[in-house]
Amino acid sequence: LNLSADTYDALVSAINEANTAGGAVITLTSDITVTSAFPAITSEIVIKGAYTLLRGSAYTGKFFTVNSGATLTLDGGLTIDGNNDWILHKDVFLEHIRLGQYDSTFKSYITPENDAPVSTSNTFIVSGVLNIYSATVKNTYSTQSLLQVNTGGAVYLRAGALITHNYRNNNAAVARIDTGAVLEMYDGSVVKENCGMHTGNNGQIFAVAGGMIMNGGEICENYISLAGIIMTHYEADTTYPRPYFEMNGGRICHNAMLGGGWGDLIYVHHSASKGSVATIKGGVIEENIGRSSAGIHGNGRNAKVQILGGTVKLLKGLGPEGAKNHPLCTCDELLIGENVEVEGSGTTCYIIGFYTTNPPLIQNDGVLNFSTYLFEPNVNNAIFNITGDGVWKGDVFKFAKTTKGGTNAIINSGTFIGDLQVDAGSITPSSHL
């Protein structure tokens, strides 16, 4: 069934007709101002055409709801425009990164357009499937994520998809992906120049409680206050697998993180029972900047980091020197694959101990290249279990003493190039260093 629409009412009518018929292709023939939510998508619908769905100046609600079992596809040069040409003051943002400053009001960084709409809802609420092909989603200024992907839902960013210039002032700017949901990116898709700010502990581009798979595409030139460009969240619900981010291809580059405590590129969260995992199998991570780390952070028990392929180059934080200036940090399992080199020259690889018995493996079968390796206990009598046939390149390997005592490590294998510093604890055997 082929339908067309040139007004808001005509598009509402076409969606209703398509739902009744079990699906249709709807071609736009004019720009349309959106003044209310469209009917929920309950069938397989394609909306295409090189025209714009523009948020009305007084409209603050959602655009599309995709019900479970339904599919919405956007294609043909379509544009979804939030109608708020907000401004990011990049010069101030970057200067505050360098100085270690932080404006919790964000007024120094973001200026919304005068008299432009501020959305108070997700633009898309997806419980079924959303495909974005040759379509642009832009210019949203909101208190909610652009995409809300509910349990059972899936979003696929295909070749030609462009998600750009969207702002959220409370958590994840682009997508919140719930348990049992997934978002996938493919070659030719771009997520660029979005901004996520938060007055507390969060400010992301993607918040992942389910799964996110990057098979290709680019995540570049995005800006956040705290947390991570991609943050995998722990969840108490054990019905679903661990939240995960998997990178098989594409590029993550030129993103900027303001936060002093977190402010990571990929933030892998934890819980006492079920943490989350980040797995890098391919693609390129490079030229990302931040105040403290701009790297990959596995935070707490059950937060797992695996770098099994691809190119990973991590930069030193640009802010004032401090204990948290470390672009690779893990508190649980760390796996570095064969033929993989993680480049962090001039920076610190920070490994925190949470286990007194049966510690998870810190396994390096590739090459780690950092200036300093800092091993630090977070509980009394913490143990590190180090293995793998890879090479650790550095200036110093520091096994630190904290209020929790010294550092105990079992080094099973590996080649270590650098000086050994043991503040307190025992290294067995120390002949590897």
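Select R251 first. R251 is partly exposed, with a relative accessible area of 28%. Buried means under 20% relative accessible area, exposed means over 50%, and partly exposed falls in between (1.4 Å probe, protein chains only). This is a predicted model: local features need pLDDT of at least 70, side-chain atom pairs count only at pLDDT 80 or more, and totals for chains, interfaces and linings use all residues. Residues are numbered from 1 along each chain as its sequence is written, and side-chain values use heavy atoms, with hydrogens and water left out.

**Stop 1: charged pairs**

Side chains of opposite charge can pair when their charged atoms come close. Together with R251 they are linked in a network of salt bridges. A salt bridge here is a side-chain nitrogen of Lys or Arg within 4 Å of a carboxyl oxygen of Asp or Glu.

The closest N and O atoms of R251 and E218 are 3.8 Å apart. R251 sits in strand β29 (residues 251-253) and E218 in strand β25 (residues 218-220), 33 residues apart. Strands (E, at least two residues) and helices (H or I, at least four) are DSSP runs, numbered from the N terminus. E218 is also partly exposed, at 28%.

Now look at R251 and E286: their salt bridge is 3.2 Å, N to O. E286 belongs to strand β33 (residues 284-286), so its pair with R251 in β29 ties together parts 35 residues apart in sequence.

Jump to D423 and K398. They form a salt bridge too, with the closest N and O atoms 3.9 Å apart. D423 lies in the loop between β46 (415-422) and β47 (425-428) and K398 in strand β44, so this pair joins parts 25 residues apart in sequence.

**Stop 2: rings**

Rings of Phe, Tyr and Trp (its six-membered ring) pair if their centres lie within 6.5 Å; planes under 30 degrees apart count as stacked, over 60 as edge-to-face and the rest as tilted. How many aromatic pairs does the structure hold? There are 16. In the F370 and Y373 pair the centres are 5.9 Å apart and the planes at 70°, so the pair is edge-to-face. F370 is buried at 1%, and Y373 is buried at 0%.

Next, F375 and F399. This pair is stacked, at 4.6 Å centre to centre with 10° between the planes. F375 lies in strand β42 (residues 367-377) and F399 in strand β44 (residues 391-399), so the pair ties together parts 24 residues apart in sequence. Both are buried.

**Stop 3: the core**

Select L53 and F206. Of the 95 residues in the largest nonpolar core, these two touch the most other members. Such a core is a set of buried Ala, Val, Leu, Ile, Met, Phe, Trp, Tyr and Cys residues joined through side-chain atoms within 4.5 Å. Helix α1 (residues 8-21) gives the most to this core, with six residues.

**Stop 4: strands**

Strand β3 (residues 32-34) pairs with β5 in the parallel sense over three bridges. Two strands pair if DSSP finds at least two bridges between them. Finish at V34, which stands opposite R55 in β5.
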